[in-house]
Amino acid sequence: MEYNRANVWQLTESIIMIELKIQRVGVNFGVELPEEVLKQLQTSEGESIFLENMFDGSYRLTKHDEKSAEQMMLIDGQMHEEDS
């Protein structure tokens, strides 16, 4: 995937960082996603996407996928069982 923007950095071969500016949208806040990101997420205007808080404190933007959500719930449940 190619990004032609000044606010995109290739950190490693597999990691790309894209700067997003926080903007006021009514009384809330939002970010504008580049078209390349929407294509990668296989989503379009009006669809829902999710910001996941990862165990290491980072965040991941993802399209909702029932199969992935079920797997994550199972993994989370197993992790809590191991903590007991």
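Buried means under 20% relative accessible area, exposed means over 50%, and partly exposed lies in between (1.4 Å probe, protein chains only). By that scale Arg60 is partly exposed, at 39%.

This is a predicted model: local features need pLDDT of at least 70, side-chain atom pairs count only at pLDDT 80 or more, and totals for chains, interfaces and linings use all residues. Residues are numbered from 1 along each chain as its sequence is written, and side-chain values use heavy atoms, with hydrogens and water left out.

**Overall build**

- The protein has 2 helices and 6 strands. Helices (H or I, at least four residues) and strands (E, at least two) are DSSP runs, numbered from the N terminus.
- Along the sequence, the pattern reads β-β-β-β-α-β-β-α.
- The protein has 84 residues, and buried residues make up 10% of them.
- Accessible areas come from the Shrake-Rupley method with a 1.4 Å probe; for residues, only the protein chains shown count as cover.
- Take the contacts between residues at least 6 apart in sequence: 16% of them join residues at least 24 apart. Contact means heavy atoms within 4.5 Å.

**Two hairpins**

- Strand S3 (residues 22-25) and S4 run antiparallel, joined by 4 bridges. Two strands pair if DSSP finds at least two bridges between them.
- The S3 and S4 hairpin has 2 residues between the strands, and Gly26 there takes a positive phi near 65°.
- Arg24 stands opposite Phe29 in S4.
- S5 pairs with strand S6 (residues 59-63) in the antiparallel sense, over 5 bridges. Asn53 has Tyr59 in S6 as its bridge partner.
- The S5 and S6 hairpin leaves 5 residues between the strands, and Gly57 in the turn has a positive phi of about 95°.

**A nonpolar surface patch**

- Leu20, Ile22, Phe29 and Val31 form a nonpolar patch on the surface, with about 420 Å² of accessible area together.
- Patches are made of residues with over 30% relative accessible area and no salt bridge; like charges are joined within 9 Å, and nonpolar side chains (Val, Leu, Ile, Met, Phe, Trp, Tyr) within 5 Å.
- Phe29 sits in strand S4 (residues 28-31). Phe29 is exposed, at 56% relative accessible area.

**Salt bridges**

- A salt bridge is a side-chain nitrogen of Lys or Arg within 4 Å of a carboxyl oxygen of Asp or Glu. The count by this rule is 4.
- Arg60 bridges to Glu52, with the closest N and O atoms 2.7 Å apart. Glu52 is partly exposed, at 23% relative accessibility.
- Glu35 and Lys39 meet in a salt bridge (3.5 Å, N to O). Both lie in helix H1, 4 residues apart, about one turn of the helix. Glu35 and Lys39 are both exposed.
- Lys63 forms a salt bridge with Glu47, with the closest N and O atoms 3.7 Å apart. Lys63 lies in strand S6 and Glu47 in the loop between H1 and S5, so the pair ties together parts that are 16 residues apart in sequence.

- Thr43 lies in the loop between helix H1 (35-41) and strand S5 (49-53). Thr43 is buried, at 11% relative accessible area.
- Gln42 is exposed, at 64% relative accessible area.
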